[in-house]
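Work through the exercises below with the sequence and the structure at hand. Each task is followed by its solution.

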Number of protein chains: 2
Amino acid sequence: MGNGINKKKQLKLATFLSGFGSNIAGWRHPGTPSDAAVNLDLYIEVAKIAEAGKFDFLFNADSAYITKDSTPYFLSRFEPATVLSAIAAVTKNLGLVGTFSTSYSEPFTTARQLASLDKLSGGRAGWNAVTSALEGVARNFSHDTLMEHGLRYRVASEYIEIVKGLWDSWEDDAFVRDKESGQYVDLDKMHTLDHKGEFFSVQGPLNIERSPQGRPIVFQAGGSEEGRDLAAREADGIYSRYTDYEPARAFSEDIKRRAVAYGRSPGDILIFPAITPIVGETKEEADYKYEQTSKYVDIDLAIQYMSRFFSFFNFKQFPLDEPLPELGDIGKNSFKSTAELYLKMAKDENLTLRQLALRVISPKGNYIGTPVQVADNIQSLFETGVVDGFVLSPHVNPEGLRDFVEQVVPILQDRGVFRADYESSTLRGNLGLTYPENRYTKARREQSASATLQA
Amino acid sequence: MGNGINKKKQLKLATFLSGFGSNIAGWRHPGTPSDAAVNLDLYIEVAKIAEAGKFDFLFNADSAYITKDSTPYFLSRFEPATVLSAIAAVTKNLGLVGTFSTSYSEPFTTARQLASLDKLSGGRAGWNAVTSALEGVARNFSHDTLMEHGLRYRVASEYIEIVKGLWDSWEDDAFVRDKESGQYVDLDKMHTLDHKGEFFSVQGPLNIERSPQGRPIVFQAGGSEEGRDLAAREADGIYSRYTDYEPARAFSEDIKRRAVAYGRSPGDILIFPAITPIVGETKEEADYKYEQTSKYVDIDLAIQYMSRFFSFFNFKQFPLDEPLPELGDIGKNSFKSTAELYLKMAKDENLTLRQLALRVISPKGNYIGTPVQVADNIQSLFETGVVDGFVLSPHVNPEGLRDFVEQVVPILQDRGVFRADYESSTLRGNLGLTYPENRYTKARREQSASATLQA
């Protein structure tokens, strides 16, 4: 196992699995099927491009509430457990990270579906644990109102603890399956959880064994105080919004400091900001491509999209081309940290409604340029050590991802920054994360070590 | 549409998706991988054999509670939404029917996962709606005790109504996706459900459009009064336990009578009993194969398996080789109708504990013999009109299924009883079931027809 220690730490790459891409009008792009949001062939194509590019994982965001104001992709899209399982059957090494909410669902079912995806994919599943930020989501699940932000995180914390507990129901070698002797299982290695907490009581055991990566990787995407704290305690990876050095450094320091306070090592949690790269033969060609992908965007739709981060706050009451007024804390019970980021941006730069909506919909960032320029910017932020990798959010699929894989990935590989081939068949192995010892195996090992010492 | 009317009604075939097969010791069989219960390659092999045999669908049973007394397959197996989605990616015509409980889950989530499977498979999803019969299952879902049988069915009834309502959230042609004009959707064809009932309140709409079969096929597997009634009102297919003519006829008459009472046509609900065929070159060879598949069975394990249908009732208190005493209604709150059937069998035939357990574990039935004998027995029951098809429950996989597909299916095809090729790419199309018109489309059509009449 020690041969990884002296190896230079490598960049990790992922891409969002999001139909036609992050541009809300991406479905109109000539190279994109108009039904990309629910087209399995397109999803499989994206997965195969990502796997050819030796990406670590696909990241499938999710939510469960729409209104007439929702933008195209949200109106009709696949559910994560199903689409990731379909992709598992036609890929070999690519990690599959799905978003499952800890509000309005049962930890037993979530633990089981993720463990099943993990087992059937040979150890490639990940869970992005979210708390559901849309006010209306409660009304699809027999509740009148959304739990407030702090309460949602208390539920989430207990929920994740239960799910991890269920994932330890079986020790690694519990299933003997000896045809000769007829022994199928060693029942001493099956464990009930018997959890009785503030919000849930769950007996267990889970009715599926462990996978080659022990248990699925856990991600957390919330950037609020509570989200950061939960991530620092429980997550293997955290999604970040910061791609400029200074805020990225501050975020990383904050997360690592919290992780250490929970008794973890700083390297136990990986940080992944999202970027939207666009490459061209020249910087001008890349900029032109950016303009092209934005030209279909309807400003009303862009405002609608933005309003989703603010519990569908009515932005249309303000004039399009005048600086926005002070808006207070309108995002506080929804996508809290994202909303705060946008409000700060509007205030700092004195943006109009139109400008803010276009920034939200079509972020420009430092990743538009020639393949070498994009590779340079990725490498330089990565080498400061404040991020572990990036989640791509291509403007349009599959073109945006394919351009990156064909033109940027080889440069990063040549420079030794990114892998030339997979190190492992599991997501955990490729991310370089430690195998989690089963809690009961550990207890037995420790007990036996202590007995030896006393003997 | 009329060209199907004069065609002879054809047999429908399905097979259980159950790892190593229905023999509890099937994992020891030489041709079966010992980890078959959680081996995706084996599941895909089974699916491909079934599809090569032009089967209508795979049927994936399920439950969510295990104890140390559970038999091998139950201890560690895939969850239906995940494994069926994986299979969807590598098959083209085969229907994919999964079991999802209406107890301890959210109708929005179930509706969404099934609709997602339906859409990504191109219209091949089915839902076997069950109420969870194992007493202990409640303790995995923050409840102390299982809801009693009648209450479970009241919940199920409302739940299915909600799920079907959510599946009508979008009319068939709601998604326009015109790249030229930029119109993605016709929002007049998006509908909220606004359900407020005794057990659930669900607003909607569902965040995924309809599939080519309109909505997934609904199955029901409970044979109790309440189960039959629910099936007759809501289901497209019902699983049955009767393969002898007289009880099969009585069951069929009962189900069709109930369906008609609910204003449905008798052909709206298809009946599928399970059979366990074993073929050999001679009857003797088939019998020998049966003995072989049973020889690994451990009598203790067989009794454990049986006890699952009786809320893990302790049968081991009785002597193995003496007739069982009168046992009263020990199955009444669990797998009610199955339990009653077994108790009746024990009483009628004065069975010992050993005999009953072996009957339960390894039913012999009329489907062991030469391929022609098995085909004869299938055809003769089918042609009485009391069943619409069969769900195979092979003793061991993949051998049992492969033997059937290679040796029995061609005979049924030659006789014109079973299809030579798929009629449709959807499960609904292959089952010959009517396309369900969206309720809002129907209302609009009826309103417009009535306006025309009045004009």
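This is a predicted model: local features need pLDDT of at least 70, side-chain atom pairs count only at pLDDT 80 or more; totals for chains, interfaces and linings use all residues.

Residues are numbered from 1 along each chain as its sequence is written, chains are lettered from A and ligands numbered from 1 in the order in which they are written, and side-chain values use heavy atoms, with hydrogens and water left out.

**Exercise 1.** Compare the radius of gyration of chain A with that of a compact globule.

Solution. The radius is taken over C-alpha atoms, and the globule rule is 2.2 Å times the number of residues to the power 0.38. For 455 residues the rule gives a value near 23 Å. Chain A has 23 Å, which agrees.

**Exercise 2.** State what share of the residues of chain A is buried.

Solution. Buried means under 20% relative accessible area (1.4 Å probe, protein chains only).

**Exercise 3.** Classify the ring pair A:Tyr184 and B:Phe20, and locate both residues.

Solution. Rings of Phe, Tyr and Trp (its six-membered ring) pair if their centres lie within 6.5 Å; planes under 30 degrees apart count as stacked, over 60 as edge-to-face and the rest as tilted. Here the centres are 6.3 Å apart and the planes stand at 70°, so the pair is edge-to-face. A:Tyr184 belongs to strand 6 (residues 183-185) of chain A, and B:Phe20 to the loop between strand 1 (12-16) and helix 1 (40-52) of chain B, so the pair joins two chains. Helices (H or I, at least four residues) and strands (E, at least two) are DSSP runs, numbered from the N terminus. A:Tyr184 is buried at 4% relative accessibility, and B:Phe20 is buried at 1%.

Terms used
Buried means under 20% relative accessible area, exposed over 50%, partly exposed in between (1.4 Å probe, protein chains only).
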